[in-house]
Amino acid sequence: MTHVGRMALETTPHGLPWRCTAMNRAAVFVCALSLAGCSGVQSALDPAGGDALRIYWLTLIMTLGGTLIFLLVTGLLLYAIFAPPERRAWLGRRRTIVVGGLAFPIVVLSGLLPYGLIVMRDTDVPMPGALQVAVTGEQYWWRVKYPEEGARPEFSTANELIIPVGQPVTVTVTAADVIHSFWIPNLGGKIDMIPGRINRLSFTAERPGIYRGVCAEFCGDQHARMAFDVVALEPAAFDAWRAAQAKPAREPDLPSLVRGRDLFRAAGCGSCHVVRGTEADGAFGPDLTHVGSRRTIGAGQFPNNVGTLAGWIANTQHIKPGVRMPSYGSFTGEELRSLAAYLESLK
């Protein structure tokens with residue numbers, strides 16, 4: 001076959017070489033897609049702490065071992081079906097059954113059980129001097145409270161967990177309505193959030209970064225839109241952030257921001273939200289004292305800026321149906337911009 005002939009065969013959509021090329025491309029795409037899931041802000045395959053690393057190796061060993069055993073059993077099964085009777089006769093001997101059906105599972109499981117127990121023992125261990133954080137899951141957002149610690153006062157925030165790098169963290173979790181589950185894949189295992197019950201999860205972030213936490217228990221229609229950011233800061237940056245968050249809200253210094261604050265008051269937003277330093281003291285919704293400093297709104301759904309804040313206020317039930325906050329479609333465009341600008345200024 002000439003070179004031209006080979007080229008024609010490779011480009012025809014009906015030939016075997018074309019199908020092989022398509023299969024190769026599909027295999028490359030699947031491999032690339034799989035590798036893409038091995039890293040990122042929400043991946044248990046990219047551990048950022050010792051607890052997550054232990055779970056990662058446990059998963060890797062279990063998966064690899066299970067795959068090898070599956071291939072071995074499948075190979076033996078095919079051999080038993082298709083091999084000539086005189087060659088497969090050894091499969092039915094007493095020694096094969098004892099070794100393969102009894103000794104092998106006992107040895108393998110006897111090795112894996114202690115390993116799994118050791119990982120459980122060494123993971124999620126409370127550490128002295130750990131930063132204490134209380135998180136409450138609610139449909140469909142996260143209430144985050146930093147308790148008083150020495151001279152540092154207590155304050156609340158929402159949908160964001162800021163932690164120092166290198167310091168152990170103990171998160172106390174519960175739920176206000178239905179069962180949720182707290183999970184930060186890069187940093188540790190997950191733990192259930194059950195109404196009326198307190199559970200605890202301990203972990204340590206060993207490198208700075210932004211990670212993503214999610215609700216890992218179906219909790220309602222908007223379960224898939226219930227996420228939060230975990231930001232691991234250097235200790236000095238964390239101390240500065242904590243000091244800033246403990247302060248009351250800043251007073252608006254521009255006419256448009258004053259207008260937004262007045263609209264916030266007139267619309268009764270303070271009945272559901274706290275803005276420390278003002279008369280707004282509602283405890284039903286997220287604390288908005290420093291809402292402008294958060295990276296996202298809507299429990300990790302949108303970047304935090306004036307545009308998304310205005311859209312959220314006007315169309316909560318369209319954007320995230322079922323949330324407790326009603327849509328405020330009665331605001332004019334000018335009013336929405338002023339109100340959103342005021343909230344965005346609360347850094």
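Colleague: Let's start with Arg-207: why is this residue called partly exposed?

Modeller: Its relative accessibility is 31%. Buried means under 20% relative accessible area, exposed means over 50%, and partly exposed is what lies in between, with a 1.4 Å probe and protein chains only. A value of 31% falls in between, so Arg-207 counts as partly exposed.

Modeller: Before we go on, a word on the source: this is a predicted model, where local features need pLDDT of at least 70 and side-chain atom pairs count only at pLDDT 80 or more, while totals for chains, interfaces and linings use all residues. Residues are numbered from 1 along each chain as its sequence is written, and side-chain values use heavy atoms, with hydrogens and water left out.

Colleague: Thanks! Where is Arg-207 found, and what does this residue touch?

Modeller: Arg-207 is in the loop between strand 8 (199-203) and strand 9 (209-215). Strands here are DSSP runs of type E with at least two residues, helices are H or I runs with at least four, and both are numbered from the N terminus. Leaving aside residues up to four places away in sequence, Arg-207 touches Asp-46, Pro-47, Ala-48, Val-165 and Ala-232, where contact means heavy atoms within 4.5 Å.

Colleague: What makes Arg-242 buried?

Modeller: Arg-242 has a relative accessible area of 3%. Arg-242 sits in helix 6 (residues 235-245), and its contacts include Tyr-146, Glu-149 and Phe-155.

Colleague: How do you know that the rings of Tyr-56 and Trp-57 are edge-to-face?

Modeller: Rings of Phe, Tyr and Trp (its six-membered ring) pair if their centres lie within 6.5 Å; planes under 30 degrees apart are stacked, over 60 edge-to-face, and the rest tilted. Tyr-56 and Trp-57 have ring centres 5.5 Å apart and planes at 70°, so they pass both tests. A search of the whole structure finds 11 aromatic pairs, and ring pairs also link Tyr-146, Phe-155, Phe-238 and Trp-241 into a cluster.

Colleague: Why are helix 3 and helix 5 called roughly antiparallel?

Modeller: The axes of helix 3 (residues 50-82) and helix 5 (residues 94-122) cross at roughly 165° and come within 10 Å. Axes are lines fitted to C-alpha atoms, for helices over the stretch in contact, and angles run from 0 to 180 degrees between N-to-C directions. Angles under 35 degrees are roughly parallel, over 145 roughly antiparallel, 65 to 115 roughly perpendicular, and the rest oblique. The two helices are therefore roughly antiparallel. Among the residues making the contact are Trp-57 and Ile-61 of helix 3 and Phe-104 and Tyr-115 of helix 5.
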